[in-house]
Protein chains: 4
Amino acid sequence: MVKRVGIVGASGFTGAELLRLCAAHPDLEVVAATGDTQAGTRAADLYPSLAAGYGDLVFEPFDDDLADRHALDLVFCGLPHGASQAIVPKLLAADRVVVDLGADFRLKDASLYPTWYGAAHTAPGLLADAVYGLPELFRDDLRSARLIATPGCYVTTATLALAPLLRAGLVEPTGIVVDAASGVSGAGRPPKPNTTFCAVDEDFSAYGLLTHRHTPEIEQNLTFAAGADVQVLFTPHLAPMNRGILATCYARPTAPISTDALRDALRSAYVDEPFVVVRDEPPSTKATLGSNTAHVTAYADERTGWVVALAALDNLTKGASGGAVQSANLALGLDETAGLPIVGLYP
Amino acid sequence: MVKRVGIVGASGFTGAELLRLCAAHPDLEVVAATGDTQAGTRAADLYPSLAAGYGDLVFEPFDDDLADRHALDLVFCGLPHGASQAIVPKLLAADRVVVDLGADFRLKDASLYPTWYGAAHTAPGLLADAVYGLPELFRDDLRSARLIATPGCYVTTATLALAPLLRAGLVEPTGIVVDAASGVSGAGRPPKPNTTFCAVDEDFSAYGLLTHRHTPEIEQNLTFAAGADVQVLFTPHLAPMNRGILATCYARPTAPISTDALRDALRSAYVDEPFVVVRDEPPSTKATLGSNTAHVTAYADERTGWVVALAALDNLTKGASGGAVQSANLALGLDETAGLPIVGLYP
Amino acid sequence: MVKRVGIVGASGFTGAELLRLCAAHPDLEVVAATGDTQAGTRAADLYPSLAAGYGDLVFEPFDDDLADRHALDLVFCGLPHGASQAIVPKLLAADRVVVDLGADFRLKDASLYPTWYGAAHTAPGLLADAVYGLPELFRDDLRSARLIATPGCYVTTATLALAPLLRAGLVEPTGIVVDAASGVSGAGRPPKPNTTFCAVDEDFSAYGLLTHRHTPEIEQNLTFAAGADVQVLFTPHLAPMNRGILATCYARPTAPISTDALRDALRSAYVDEPFVVVRDEPPSTKATLGSNTAHVTAYADERTGWVVALAALDNLTKGASGGAVQSANLALGLDETAGLPIVGLYP
Amino acid sequence: MVKRVGIVGASGFTGAELLRLCAAHPDLEVVAATGDTQAGTRAADLYPSLAAGYGDLVFEPFDDDLADRHALDLVFCGLPHGASQAIVPKLLAADRVVVDLGADFRLKDASLYPTWYGAAHTAPGLLADAVYGLPELFRDDLRSARLIATPGCYVTTATLALAPLLRAGLVEPTGIVVDAASGVSGAGRPPKPNTTFCAVDEDFSAYGLLTHRHTPEIEQNLTFAAGADVQVLFTPHLAPMNRGILATCYARPTAPISTDALRDALRSAYVDEPFVVVRDEPPSTKATLGSNTAHVTAYADERTGWVVALAALDNLTKGASGGAVQSANLALGLDETAGLPIVGLYP
């Protein structure tokens with residue numbers, strides 16, 4: 001039976017991507033989409049790409065009765081950080097899955113929110129219940145989840161590259177550098193001076209140096225994988241492309257190791273994963289465009305004693321909405337891969 | 001029952017796009033793919049985007065027994081012009097559909113091949129049997145087709161913009177200008193001096209002026225629609241993007257007409273079409289990215305007495321491989337929309 | 001002796017381009033730059049590209065005494081349409097050249113302003129005195145000009161392609177189509193929903209259909225060249241690139257003509273022009289990037305009876321600030337080419 | 001008196017950039033340009049951007065008498081590695097400056113060539129005489145140089161970011177990571193499968209992992225600056241843009257240090273440099289486009305104990321041809337900044 005889906009905060013890029021994925025999903029049907037600033041606008045007017053699939057869908061304002069009125073089985077929340085924690089408690093119900101795509105339920109330690117997000121959490125009691133939506137780490141928990149916190153896009157990328165190496169004890173938990181580059185869609189839809197075409201095209205630059213909010217989330221995941229405190233320096237860059245994230249991660253081996261041994265560890269970790277490919281060449285963001293697939297690899301440099309682990313994915317698909325659908329599939333008891341492209345556009 | 005599919009000439013961009021679409025198609029399974037210059041190469045090594053879906057697929061060389069050996073129900077041919085006419089006769093069989101993506105069976109008048117393609121046709125007897133793979137014009141014929149000639153990408157675009165206006169007698173058949181721009185994937189995979197990144201990025205230029213081979217094919221379609229000889233001047237341009245075609249077409253109205261009346265004619269023509277959207281705003285190639293959907297509109301300019309008709313689509317999907325799958329679906333008796341994205345990526 | 005230059009409205013892209021050009025100009029020194037919304041901001045903070053050349057320049061607010069206080073020999077005005085006509089009368093002085101880069105003094109017929117710009121002109125008495133800043137048409141007048149109206153970017157492009165053919169009587173003045181594409185910098189610096197990277201990148205679309213404000217200005221120039229009323233349909237497109245305009249223009253020959261004869265007419269017109277190159281290949285915007293050079297060519301199509309004339313240039317250089325400096329050089333009695341790049345970046 | 005310039009291997013991108021810069025240089029005039037594979041071709045046909053400045057320049061084949069026949073004061077060599085060492089000895093003369101843009105004279109230790117370039121050096125006696133063309137490190141030596149080895153583009157970038165910190169003893173010489181991204185022009189003009197538009201556009205990926213040839217050259221410079229052996233892991237990436245390099249460098253502080261102290265060290269090092277700007281924001285490649293200016297900055301992260309130093313520049317200007325002209329200016333006794341843009345294009 002097709003599940004009834006609502007999207008709260010559907011007017012952003014992750015909302016548009018959820019609508020794209022749901023249009024091709026055999027078991028999900030979007031019956032409601034809210035977008036407060038766009039309330040009353042046809043989805044197809046804001047995103048002409050949706051015209052053939054959602055000709056009649058109109059963004060509505062959010063209200064507390066939304067989920068019940070539409071008898072929603074599943075709610076995706078694509079709200080700015082801080083906004084979800086106010087709304088999610090109203091959406092939760094025994095027979096409903098809520099998948100949050102924001103930051104509000106990702107960090108388990110409530111004390112980190114004031115530091116990294118500038119305000120105390122208003123629903124800290126839910127943090128323990130929220131399941132972190134990374135099937136490669138938490139698949140079993142996701143099967144019974146009612147509240148899912150979809151990871152940040154950079155976080156999924158860095159985690160997929162490094163977690164198996166840390167779990168296997170192959171690299172040191174300290175001194176890790178995550179140097180990453182993202183396409184511009186990661187900055188969201190609203191126009192800003194630093195995301196105009198003329199600011200970004202033909203430009204490459206770093207931003208958020210030392211202070212990017214995905215830092216504690218990367219550390220949380222890698223600490224979980226390592227079983228020891230992990231600290232990373234995370235440097236994001238903006239690349240002149242729509243989509244895609246590449247993380248190039250540097251770590252110190254715990255003992256001399258070869259490139260082959262590193263890749264064996266990755267292959268062993270991901271052998272049964274439908275959406276992770278271990279490659280022998282450097283991963284390319286373009287090879288993941290529009291798909292829910294991540295590509296990973298690793299290198300050991302004997303000369304300098306560094307391990308380099310790399311991962312690439314589409315920040316809006318595997319790094320956001322696709323990952324959210326994958327987790328939702330698990331929580332709803334559907335085929336984990338239902339509706340999710342494993343092959344992306346090329347070129 | 002799933003249909004067994006072969007792709008001859010699968011190593012080009014239309015081949016990669018066919019593999020993408022078939023990976024999500026419920027009724028098609030690719031069991032063979034040839035690529036003479038790439039024979040022995042894993043598809044996923046040439047196109048890493050295919051890695052998660054076609055990990056084991058290896059390009060094989062073509063041989064005459066290919067279709068029988070693999071018991072193919074459907075063969076897509078993505079060969080350079082001239083090459084298909086040598087191979088297609090060997091592929092045809094009573095219980096098999098052959099969908100050619102090249103130019104060899106598009107023009108009905110065999111005498112046009114020497115002029116536009118530089119050589120006489122070697123299988124002219126098949127031209128009458130080949131059904132032109134544009135469902136919006138030839139849906140009924142496609143249902144019983146055994147040989148399908150998929151239109152050129154520019155041709156589909158210009159035809160969708162102009163055919164309804166000509167059929168309804170709203171514009172004159174003479175003096176038409178089709179001014180179009182395409183993304184670079186239309187030029188194919190092999191590296192050429194004029195398709196390197198450094199040649200194309202930040203550039204916009206015209207090419208093939210007066211002599212582009214899609215000209216007679218546009219004229220053939222529009223003559224069919226108009227019921228009178230149509231002559232067009234076609235000017236293609238190269239735009240710095242991967243995919244997408246926009247055609248901006250200029251014609252003279254047969255009598256004073258309004259913008260509304262033009263759009264009414266378009267809406268009337270396309271009301272039941274699953275993959276054509278008539279819009280009130282100028283169509284955008286990006287709104288069609290990765291989907292099989294075309295967007296069209298028209299304007300009447302009282303001041304200068306011109307009609308402007310515009311269409312946008314993804315040259316590799318609706319303009320090539322997606323159109324080919326749509327036609328194949330019809331010929332195989334499947335749901336016409338099976339496996340075809342109606343919503344594209346944004347952004 | 002170095003001329004003292006002020007730039008009013010310097011915070012936009014044409015202002016930044018003027019600052020770039022003046023930095024390499026042997027005879028011009030920028031001593032004042034205004035930018036009301038950016039007053040107090042260092043130019044190098046808004047445009048880091050200026051850091052090495054203008055480390056100390058701070059945008060100041062405009063005031064009526066600006067030109068006298070700074071003893072300006074030359075004022076460039078880069079204000080939105082409507083704003084220049086209020087300010088220019090205050091800047092004019094016997095010993096000073098004012099070069100307006102906006103639309104306010106381009107159209108000679110005051111009655112056109114309400115139609116195309118939505119308001120009556122407030123200084124119509126200056127329209128007759130203003131010299132249109134296109135040296136290829138009005139070089140002699142520019143030598144004695146005190147007020148110069150720099151053409152619109154599309155207008156310069158279309159005029160350079162068509163004016164010689166019309167002047168020579170080779171094409172008909174009616175039924176002309178100007179189909180053009182521009183890079184995104186033409187839309188200016190302020191962020192807008194339709195000029196974000198994610199809206200533009202990988203997109204090609206038309207805009208301003210039938211109603212773009214450069215239309216009457218193209219007609220004014222071509223009417224001047226033809227000596228007869230010219231009417232054009234102008235269709236601009238937005239291409240995913242920073243800079244560059246290509247105009248592809250369609251006209252009817254007055255008598256059968258060859259491609260060679262068209263190019264002879266262009267070569268004859270431009271033989272002594274330092275910034276116009278007549279080519280035998282389709283012009284490319286990239287070949288003009290960052291230079292003050294325009295490339296033009298033409299084709300005659302016997303089959304359909306159309307003439308196609310094309311021109312390419314950099315919209316911010318030859319199409320705006322470079323053209324403005326060229327005109328200023330003439331008015332100040334300097335070498336017309338001083339400080340202007342004739343060779344652009346490649347790639 | 002204007003110096004007579006020859007360019008050997010002028011048909012590549014660094015050659016085109018040298019021609020651009022020389023066209024605006026008051027003291028240099030290009031009188032000969034060789035390009036063996038392009039011999040007989042007009043420079044303006046290969047690079048239409050040169051049409052207005054070099055309408056008559058034709059690439060000629062190289063011969064041993066070239067420099068004498070043309071009475072060259074200055075020869076730029078833009079040949080592939082290995083080719084320069086065969087030709088440069090023939091070009092050297094007491095009254096002539098030879099500026100090599102390739103790798104052949106960059107490494108002082110002849111034993112490194114077999115390891116990193118695959119063959120023994122054939123003119124090792126010249127290595128000691130060659131002056132490394134980085135004025136920020138070797139200005140005095142350049143004033144009397146007859147043979148100049150222009151640095152690799154990545155090398156200039158990384159060196160400008162790190163050398164002052166190493167020289168001041170602020171960071172450790174071991175364990176350094178240089179993570180960098182370059183535009184595609186760094187790969188040169190000839191078409192290759194991995195530099196087509198469709199391979200690069202919308203892609204970001206690493207390449208040359210662990211083995212890029214600029215590694216020993218970065219180490220040579222930084223060892224010179226540190227006065228102690230420096231070892232770096234260098235990871236280049238390819239970004240979808242024409243020009244520009246950003247290096248994000250990670251090093252360990254020798255003692256706890258602040259961001260301010262790092263920037264003070266940079267400012268102190270570069271206070272008199274005409275082409276290096278120290279900024280308080282992350283540098284952007286676009287801010288350097290087409291200019292000879294480099295932007296640098298640094299950050300100290302107390303939390304993780306890392307120092308991050310960043311530099312951006314235009315790989316074809318400051319990173320190649322502009323740096324070469326700067327060095328040539330010094331060697332010829334000209335103004336060091338003559339003919340070199342300090343302000344780049346924006347946008």
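Predicted model: local features only at pLDDT ≥ 70, side-chain atom pairs only at ≥ 80, totals over all residues.
Residues are numbered from 1 along each chain as its sequence is written, and chains are lettered from A and ligands numbered from 1 in the order in which they are written.

In chain B, an open sheet of 7 strands runs in the order E8-E9-E7-E10-E13-E12-E11, with mixed pairing. Strands (E, at least two residues) and helices (H or I, at least four) are DSSP runs numbered from the N terminus, and two strands pair if DSSP finds at least two bridges between them. Strands E8 (205-206) and E11 (276-278) of chain B stand at the edges with a single partner strand each, so one side of each has no neighbour in the sheet. Strand E7 (residues 176-182) of chain B pairs with strand E10 (residues 245-251) of chain B in the antiparallel sense over 6 bridges; here B:Val178 stands opposite B:Cys249.

In chain D, helix H7 (residues 153-167) packs against helix H11 (residues 317-331) at an angle of about 100°, with their axes 8 Å apart. Axes are lines fitted to C-alpha atoms, for helices over the stretch in contact, and angles run from 0 to 180 degrees between N-to-C directions. H7(D) and H11(D) are therefore roughly perpendicular to each other, a term for angles of 65 to 115 degrees.

Finally, the contact between chains A and D takes 36 residues from chain A and 36 residues from chain D, where residues are in contact if their C-beta atoms, placed from the backbone, lie within 7 Å.

Definitions and conventions:
Contact = placed C-beta atoms within 7 Å. Parallel < 35°, antiparallel > 145°, perpendicular 65-115°, else oblique.
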